[in-house]
Structure formats: structure tokens, C-alpha cells
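This report looks at the ligand and the pockets of one protein model. Please keep the structure in view while reading.

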Amino acid sequence: MKGVAIITGGTGTIGAAISELFQKRGATVVVADLDEQPVAKGQTFIRCDVTDPKSVASMFAEAAKLGDITSLVVAHGILLETVPGTADPVAVGKVLDVNLKGSALVCDQASAHLAEGASILLLSSMSAFMGRVVGGYAYQASKAGIESMTRSYAVAFGARGIRVNCIAPGYMAQPMKGEGSKLRARQGGSDKVREATPLRRLVTEQELAMSAAFLCSDQAPSITGVVLPVDSGQRAF
Ligand SMILES: NC(=O)c1ccc[n+]([C@@H]2O[C@H](COP(=O)([O-])OP(=O)(O)OC[C@H]3O[C@@H](n4cnc5c(N)ncnc54)[C@H](O)[C@@H]3O)[C@@H](O)[C@H]2O)c1
């Protein structure tokens, strides 16, 4: 992979795995995250709050100094409990701000910085279209919105050869930071959710990184506007 790859949420579980694989495949990796964690040697960390237009603008300006931006992986996200009927409106707003509006802000600003032929990859979730997942309606709505935006950006940026795709992970071996573990416990634990998938397996971040690398590579020149479930068959279920 040539050029600069920016990974928002790059110090998270999935973002870090994607950063590692993209770097191995030759990209100059920029890890953009609110959470300042040490990054691997050779990667550049830029503190960035995806809800703040100035912060996102300065992240792109810094990243552009390292070379042509050829990949943008939008892998940030938060999960807060929002139960239908009793949700805290502040939590609902925060989830939508970070996950949905933050992804839109990053993609909108990316437009001015991405090289021709670049790739954008967004992160949804298998839960986006599952009404039976209790306790996370704001998260699910934010992810359904991200899948919709994938198609809008794919159409809008297509004439410049910029491809925009999305991955929808299923139950991961490693739940998200914050309330991810709490939700997993309420679902009955990792063994229970694994047994609920057609393949009887939890998804690893390394598998997601391989799908991300494929979609952002020159092996997928005609693939744009798609949502790839990487979910052990859960969306088929
Ligand atoms: N882990 C799962 O079970 C799972 C399943 C389906 C989808 N996903 C999605 O995949 C993506 C990555 O998930 P993960 O498991 O790596 O989660 P994670 O919690 O490990 O990482 C998310 C990262 O986003 C960052 N972030 C949060 N708010 C931010 C902000 N305002 N600005 C910049 N960065 C911010 C966090 O600091 C964190 O490092 C998310 O979009 C998540 O919704 C995860």
C-alpha cells in the first residue's frame, strides 16, 4: 500500500489492528484518536476529536505533510447504553455526535485532502438492523446511518476515482471500550453470543484488518458503496 493511511479510532482494538496491517503492507500510518495511547514504531499519532471541526482540520493538515493521503479508515466509535423508552437524551446525542456526525465530518473534510484513487472505509455493525438488540438504539441508528452514508459518499466521490466502502463487524472477541463489556455481560457473555452465530465463532480484529486491507487495495478497483458483513454469518441469520 502506497501513501498515507489515516485511521481514526486508531488506538482502539480494530483501529490498531488495521494500522498494524496497513503499515506492514507499506502504508505510512497516521493514528488519529482522542485516546492517547502509545502507537507502534513508525506510526504517527495525532490527537483528534472527530466531533470538533478544527481538530479534524488540523489532523488532516498534519497528515498531508507526510505524503499523499491514499486511505482513510473511519474506525472511531463509542457505545453508550440507550434503552428504548428510558434512554438518557444526553447519551443518545453523544453517540450520534461521535459515531454518525463525527464520521460525516471526517469524510466531508477528507474530500479536499484525498488523492485521486484513494479509498475510504467506514465501520458499521451487524447490530445496525437488529431491533432485538436491547439497550443500544442510538448506537444501532448511528451505524445504520453510516451504511447509508457509505452509498452517498461512494456516489459523490466516484468521479474522482475515490472508493467508499464499509465493514459491518459481528460479535467480536474483544468488546468495545467503555460500555462494551457491560453490554456483552447483559447478552449472556462471550460463549453465549458465539454460539448464537451460524459459524459459532467470534470475529477477531485481525480478520477485520484483512478485509479492510482488501477493500482499500488495488485488488478491489470496482468495489464501492458496499457494506461487507464480517460477522460469522450473523446478518444472514
Ligand atoms: N468491538 C466490537 O464489538 C464492534 C462490533 C461492531 C462494530 N464495531 C465498530 O468498530 C469500530 C471500532 O471498534 P473497536 O472495537 O475498535 O472499539 P474501541 O472502543 O476499542 O475503539 C474505538 C476508538 O474510538 C476512539 N474515539 C471515541 N470517541 C472519539 C472521538 N470523539 N474522536 C476520536 N476518537 C474517538 C476511542 O478513543 C477508541 O480508541 C467502532 O466504530 C465500533 O462501533 C465494533
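## Contacts with the ligand

A nitrogen atom of the ligand has a backbone N or O atom of Val50 at 3.0 Å, where a polar contact is a pair of N or O atoms within 3.5 Å (within protein, one must be able to donate a hydrogen and the other to accept it, and residues adjacent in sequence count only if both atoms are side-chain atoms). The protein buries 94% of the 830 Å² that the ligand exposes when taken alone, with accessible areas from the Shrake-Rupley method and a 1.4 Å probe, only the protein chains shown counting as cover for residues. Cys48 likewise places a backbone N or O atom 3.4 Å from a nitrogen atom of the ligand, while Thr11 has a polar side-chain atom 3.5 Å from an oxygen atom of the ligand.

The model is predicted, so that local features need pLDDT of at least 70 and side-chain atom pairs count only at pLDDT 80 or more, whereas totals for chains, interfaces and linings use all residues. Residues are numbered from 1 along each chain as its sequence is written, and side-chain values use heavy atoms, with hydrogens and water left out.

## The shell around the ligand

There are 28 residues around the ligand, and those that come nearest are Ile14, Asp33, Tyr139, Lys143 and Lys177; a residue is near a molecule if one of its heavy atoms lies within 4 Å of it. The shell divides into 13 nonpolar, 10 polar and five charged residues, with Gly counted among the polar ones. Helix H1 (13–24) and helix H4 (137–157) each supply at least two residues of this shell, helices being DSSP runs (H or I) of at least four residues and strands (E) of at least two, numbered from the N terminus.

## The largest pocket

The space taken by the ligand is the largest pocket, a pocket being an open set of points on a 1 Å grid over the protein atoms alone, where a 1.4 Å probe fits, with protein on both sides within 12 Å along at least five of seven lines, and lining residues having an atom within 4 Å of a point. The volume of the largest pocket is about 1,100 Å³. Among its 45 lining residues, Gly77, Ile78, Leu79, Met176 and Lys177 are the closest to its centre.

## The second largest pocket

The second largest pocket has a volume of about 310 Å³. Its lining includes Met1, Lys2, Arg163 and Asp218, and the largest share, three residues, comes from E5.

Terms used: Sits in = over half its atoms within 2 Å of the grid points. Points joined across faces, edges and corners; volume = space filled by probe spheres on them.
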